[in-house]
Amino acid sequence: MSEPHDRRAAITGIGVVAPNGTSTDTFWKATQEGLSVLDRVTREGCEHLPLKVAGEVRGFDPAATIEERFLVQTDRFTHFAMAAADFALDDARLGQADATEAPYSIGVVTAAGSGGGAFGQRELQQLWSKGSRFVGPYQSIAWFYAASTGQISIRRKFKGPCSVVASDEAGGLDALAHAARAVRRGTDVIVAGSTEAPLAPYSVVCQLGYDELSTVADPSRAYRPFTEDACGFVPAEGGAMLVVEAETAARERGADIRAHLAGHAATFTGASRWAESREGLAQAIRGALAEADCAPEEVDVVFADALGVPEADRAEALAIADVLGAHGRRVPVTAPKTGTGRGYCAAPVLDTAAAVLALEHGLIPPTPGVVAVCHDLDLVTGRARPAELRTALILSRGLMGSNSALVVRHGAVG
């Protein structure tokens, strides 16, 4: 890339709270084994709604890692974010960082597509059933898209550049790009990523207007992208946070360089215009490869958007071929999210975490639940595939029309 070598954006920490694992290790074990945890929605108040299958985070106790004074101020999506940020900082060996010596050296960037639905619903129910005196003061902030960025920075005393990408699914990759650019502009460390909690009844009702949402009741059939049985996507909660920092500074403190955020680009083609997303996604891929100074044939694996809508799946397969050419028909493609659900802005961040782990382990995780592929793709199914991996391409498209592509290079790649 064109930036100075010492300002290259390196990933040094990963923190995950996902439907298939509430730590990075458990997430990767389930991901590489191709386990599907999609199941019937169990959230109270959702029993009568058309959405029947989702990826729920179970066994997560926010009180085990987060102080009570922060828990009462925040929604479940921010609980996920604070816990994942803790895990990522610990992984980067910055767990004790409180920024007292350099309070402006660490910032936070998150992406959010839905905000705090459960908190907001609870307080509105209090308002209408009991009156305004029963509405807590944190209603004004807990639902807000920027709540996770704010609470992580306040709790950790981080005073560096802080922002939120309020967007559709592709915003997860855009948040990582914001982090990389902040590092290149001079900030030492950015904690970046996305977590979502869109399974409160109010949140689910809001999603029912999406034609792309799958309402199939059988968890094994509800989310099958790139097949003739594709019937939409199922939503999910959880997500991931990454520690992104300047490579030289990270090496000076003895941190492990897990990967580099090498290139990113984004386009917009309009809500649900899936045929048009072919060109928009292709242009994003070209831009990301150009910024990473990466030739198409250097891409070793593609983590697909995998919406599960026939027209959208076809457009994605064609976009990959448009840019990667003949290599695009040979390069392995995977979509681990078919085993966990599509967590809106958090989905591509989880894909990025999986991509980094795949690069480290030389193992491409499979696409759970998908067998008979009907597109010209080398989709990895059934079991993980060993491979020599140096470069991963992560793709994401949003229901509102955004398209993003991110190139991630192995930490050993110069």
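**Entry 1. The largest pocket**

I began with the largest pocket, whose volume is about 450 Å³. I note at the outset that I was reading a predicted model. Which residues lie nearest the centre of this pocket? I found Gly113, Ser114, Gly115, Tyr145 and Cys206 there, out of 24 residues that form the lining. I then looked up the elements that give two or more residues to this lining, and they are helix H4 (117–130) and helix H8 (201–207).

I next sorted the lining of the largest pocket by class and recorded 10 nonpolar, 11 polar and 3 charged residues. I also checked the domains: domain 1 (9–253) and domain 2 (262–409) each supply at least three residues to the lining of the largest pocket.

**Entry 2. The largest cavity**

How many cavities of 30 Å³ or more does a search of the whole structure find? I recorded 4. The largest cavity holds about 110 Å³ of space. Its lining is made of 15 residues, and I listed Phe27, Lys337, Thr340, Leu350 and Asp351 as the ones nearest the centre. Helix H1 (24–33) and helix H13 (346–361) are the elements that give two or more residues to the lining of this cavity.

Which element gives the largest share of the lining of the largest cavity? I found that H13 does, with 5 residues. By class, I noted 7 nonpolar, 5 polar and 3 charged residues around the largest cavity. I looked up the domains here as well, and the lining of the largest cavity takes at least three residues from each of domain 1 (9–253) and domain 2 (262–409).

**Entry 3. The second largest cavity**

I went on to the second largest cavity, in which about 60 Å³ of space lies. I counted 12 lining residues, of which Ala180, Arg184, Gly263, His264 and Glu291 are the closest to the centre of the second largest cavity. The elements that give two or more residues to this lining are helix H7 (171–184) and strand E8 (259–268). I recorded that H7 provides the largest share of the lining of the second largest cavity, 5 residues.

The classes in the lining of the second largest cavity are 7 nonpolar, 2 polar and 3 charged residues. I checked which domains contribute to the second largest cavity: at least three of its lining residues come from each of domain 1 (9–253) and domain 2 (262–409).

**Entry 4. Helices H3 and H6**

I then examined how helices pack. Two packed helices are described by the angle between their axes and the distance between the axes. For helix H3 (residues 76–91) and helix H6 (residues 147–156), I noted a packing angle of about 45° and axes 9 Å apart. Because of that angle, H3 is oblique to H6. Is the crossing of H3 and H6 left-handed or right-handed? I recorded a right-handed crossing where H3 passes H6.

Methods. Residues numbered from 1 in each chain as written. Predicted model: local features only at pLDDT ≥ 70, side-chain atom pairs only at ≥ 80, totals over all residues. Heavy atoms only, no water. 1 Å grid on protein atoms, 1.4 Å probe; cavity = no way out; pocket = protein on both sides within 12 Å on 5 of 7 lines; lining within 4 Å. Points joined across faces, edges and corners; volume = space filled by probe spheres on them. Helix = DSSP H or I, 4+ residues; strand = E, 2+ residues; numbered from the N terminus. Nonpolar A, V, L, I, M, F, W, Y, C, P; charged D, E, K, R; others polar. Domains from an automatic or database assignment. Axes fitted to C-alpha atoms, helices over the stretch in contact; angles between N-to-C directions. Parallel < 35°, antiparallel > 145°, perpendicular 65-115°, else oblique. Left-handed = near helix turned anticlockwise from the far one by under 90°.
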